[in-house]
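This report describes one protein model for a reader who is new to structural analysis. Please keep the sequence and the structure in view while reading.

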Amino acid sequence: MEFEITQIIKKYQLEEAIKFIHTNNFSINTTAPKIATEFGQKILGLSIKHNGQIIGNIFYYYQPDFKYNNKIYKVVNFATIYILASYRGKGVASLMIEKTLKIFKNYIITDYTPVGGIFYVLKKFDFGFMQNTRRIVLPIPNLNFNSLKFKFGKLQKINNPMMIKEVFGKLEQYRLYEIDLWTYTFGRDRLMLGLIDRTHYRKFSFFKLKSTSKRVLWASDEKLLLKYSSNIAFKFCILEKKHFITTDTEQDYGPLFSIKIKNQFMIFPKIKIKIPTLGSEFFSNNL
């Protein structure tokens, strides 16, 4: 079976690809402006066609450069891989990844959300796991800081567009971002956080449970995040009725009332580092 590979560069190609995934009820939060508002030579993804019809897509998100071993690398994140059910298991995913590796030769390539089938394809192409620890942090505050006065710090959302632009100034402005910026202060400590809202559903027999959380995508200081994450979870529980927060840190430790969960962050080449999620699919909330 022969497939045609089309690079998504032009606006009509992107719109066609978005229509394809939405028609198949996949990644409804993904919109064209979240992938690109400007069009030129930047490759935004791939469409795989058979008999002139799209049967699979992958999108690219360009992240800030990353320094590793005294060398500056360009970084690209791929996500939103979708293949029609009737074409799965026929080598389409492998074709996408193989072509991606050729296009972005000498890049660091990231995938933060590989699903089961894609995970095995990435392992075949020698992707590895990043040095990352994921934790669900429960809203039980750390009373050791000031237990007599029961102070848990101050959490405040930043709505100033200029400040947001200043904090995330390294992001390329060819697409729209959908991320909230907050500050947490405790005494002289000040921490800035980039967050998105998440909704979770769990089914138990005849019951369907819904929970909501905040996912910490970026922190100005990882040590402060680890120090105060319990308090931050507690504050979000009070302010917005969030059931927990999720953190991803390079350091492999966390607060007492937290649950370590499986690390999904993958990288090529296979190097034991963590590439921050800055500028990835997360920052457009395409989940």
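## A charge over two rings

In this predicted model, the charged end of Lys 42 sits over the ring of Tyr 174, 4.8 Å from its centre. The charged end of Lys 42 also sits over the ring of Tyr 62, 4.3 Å from its centre. A charge counts as sitting over a ring if NZ of Lys or CZ of Arg is within 6 Å of the ring centre and within 35 degrees of the ring normal.

Residues are numbered from 1 along each chain as its sequence is written. Local features need pLDDT of at least 70 and side-chain atom pairs count only at pLDDT 80 or more, while totals for chains, interfaces and linings use all residues; side-chain values use heavy atoms, with hydrogens and water left out.

## Aromatic pairs

A pair of aromatic rings is described by the distance of the centres and the angle of the planes. Rings of Phe, Tyr and Trp (its six-membered ring) pair if their centres lie within 6.5 Å; planes under 30 degrees apart are stacked, over 60 edge-to-face, and the rest tilted. A search of the whole structure gives 20 aromatic pairs. In one of them, the ring centres of Tyr 62 and Tyr 174 are 6.0 Å apart and the planes stand at 75°, so the pair is edge-to-face. This pair links distant parts of the chain, 112 residues apart: Tyr 62 belongs to strand β3 (residues 53-68), and Tyr 174 to the loop between α5 (161-167) and β9 (180-186). Helices (H or I, at least four residues) and strands (E, at least two) are DSSP runs, numbered from the N terminus. Both Tyr 62 and Tyr 174 are buried, where buried means under 20% relative accessible area, exposed over 50%, and partly exposed in between (1.4 Å probe, protein chains only).

The rings of Trp 182 and Phe 236 also form an edge-to-face pair, because their planes are at 75°, with centres 4.9 Å apart. Trp 182 is buried at 4% relative accessibility, and Phe 236 is buried at 0%.

## Backbone features

Most residues other than glycine have a negative phi, and most peptide bonds are trans. Asn 106, however, has a positive phi near 75°. Asn 106 lies in the loop between α3 (92-103) and β5 (108-111) and is exposed at 64% relative accessibility. Asp 126 likewise has a positive phi, near 70°. Asp 126 is located in the loop between α4 (116-124) and β6 (128-129), and its 43% relative accessibility makes it partly exposed.

The peptide bond from Phe 268 to Pro 269 is cis, with omega near 0°. Pro 269 belongs to the segment after β14 (266-268).

## The whole protein

The protein has six helices and 14 strands. Its radius of gyration, taken over C-alpha atoms, is 20 Å, close to the 19 Å that the globule rule gives for 287 residues, so the protein is as compact as a globular protein of that length. That rule is 2.2 Å times the number of residues to the power 0.38. Buried residues make up 48% of the 287 residues.
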